[in-house]
Amino acid sequence: MSDGGTAADVLALLERRGQTLAAAESLTGGLVAAELTSVDGASRSFRGSVTAYATDLKHEVLGVDRALLAERGAVDAEVARQMARGVRRALGADWGVATTGVAGPTPQDGQPVGTVHVAVAGPSDTVAAAALRLEGDRAGIRGQTVHAAVKLLFSELIATAGAKDTEQHDEI
């Protein structure tokens, strides 16, 4: 395994633990799922994805609070958190990863181009999120978002490894 937290690293950890993953994507439009499914054997851990590009789908499919979307718009840290939780539930996965933001070329919901939020929800329903300010063109921002989402997921998997190992030792 590399030390960088690639899609292959994420999937290897999930497979070793017997856990699954689902993705909820907005600005990345399926690129996180494409990155994960480019890894041989991804189907052993990756359940699927929801590309909720339209704001109303974030509520209708992923369960993001309608009032939150109306008040803050789709480009928001709490929206990303709720998307990650929602895709876990919707697709029956142990882990959920989510992306939302503005890839450009114009601002959205009062947020400048390059404003991105990624989130990861785990089995205990705790959620980690990261706010990013990315630079570059649309393709560059989307690519950087995929990389950031996979890195956050890897780091959350590593952070929970100690707890998972302790649980296993307690059962012995």
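Predicted model: local features only at pLDDT ≥ 70, side-chain atom pairs only at ≥ 80, totals over all residues.
**Entry 1: T145 and the ground rules**

I number residues from 1 along each chain as its sequence is written, and side-chain values use heavy atoms, with hydrogens and water left out.

I place T145 in helix α6; helices (H or I, at least four residues) and strands (E, at least two) are DSSP runs, numbered from the N terminus. T145 counts as buried because its relative accessibility is 0%; the classes are buried under 20% relative accessible area, exposed over 50% and partly exposed in between, with a 1.4 Å probe and protein chains only.

**Entry 2: the record**

I checked UniProt, where an unreviewed entry lists residues 7-155 for "domain: CinA C-terminal"; its positions are given in the numbering used here, feature names are shortened, and annotations may be inferred rather than shown by experiment. In the model, I find the end C-alpha atoms of residues 7-155 12 Å apart, and the span is 43% helix and 21% strand.

**Entry 3: the sheet**

I traced an open sheet of 5 strands in the order β2-β1-β3-β4-β5, with mixed pairing; two strands pair if DSSP finds at least two bridges between them. At the edges I find β2 (46-51) and β5 (127-133), each with a single partner strand, so one side of each has no neighbour in the sheet. The twist averages 10° from one strand to the next; axes are lines fitted to C-alpha atoms, for helices over the stretch in contact, and angles run from 0 to 180 degrees between N-to-C directions.

Helix α5 (residues 77-91) packs on this sheet, touching β1 (21-25), β2, β3, β4 and β5, and its direction makes about 140° with that of β3.

I then followed strand β3 (residues 95-101), which pairs in the antiparallel sense with strand β4 (residues 115-121) over 6 bridges. In that pairing, G101 stands opposite V116 of β4, and A98 has A119 as its bridge partner in β4. With β1, β3 pairs in the parallel sense over 5 bridges, and here L21 stands opposite W95 of β3.

Is β3 buried or exposed? I count 7 of the 7 residues of β3 as buried, so the strand is largely enclosed by the rest of the structure. Both of its faces are covered, with W95, V97, T99 and G101 buried on one side and G96, A98 and T100 on the other.

Leaving aside neighbours within four places in sequence, A131 is in contact with V116 and H117. The C-alpha atoms of A131 and H147, 16 residues apart along the chain, are separated by 13 Å.

**Entry 4: α1 against α6**

I find that the axes of helix α1 (residues 7-17) and helix α6 (residues 138-159) come within 9 Å and cross at roughly 35°. The contact is made by A7, D9, V10, L13, L14 and R17 of α1 and by V150, L153, F154, L157 and I158 of α6. In α1, I list A7, D9, V10, L11, L13, L14 and R17 as the buried residues. After α1 comes G18, whose phi is positive, near 70°.

**Entry 5: backbone exceptions**

Most residues other than glycine have a negative phi, and most peptide bonds are trans. I therefore looked up the exceptions to that rule.

The peptide bond from G104 to P105 is cis, with omega near 15°, and P105 sits in the loop between β3 and β4. In the loop between β3 and β4 I also find D109, which has a positive phi of about 50° although it is not a glycine; at 40% relative accessibility, D109 counts as partly exposed. D125, in the loop between β4 and β5, has a positive phi of about 70° and is not a glycine; at 31% relative accessibility, D125 counts as partly exposed.

Notes:
Contact = heavy atoms within 4.5 Å.
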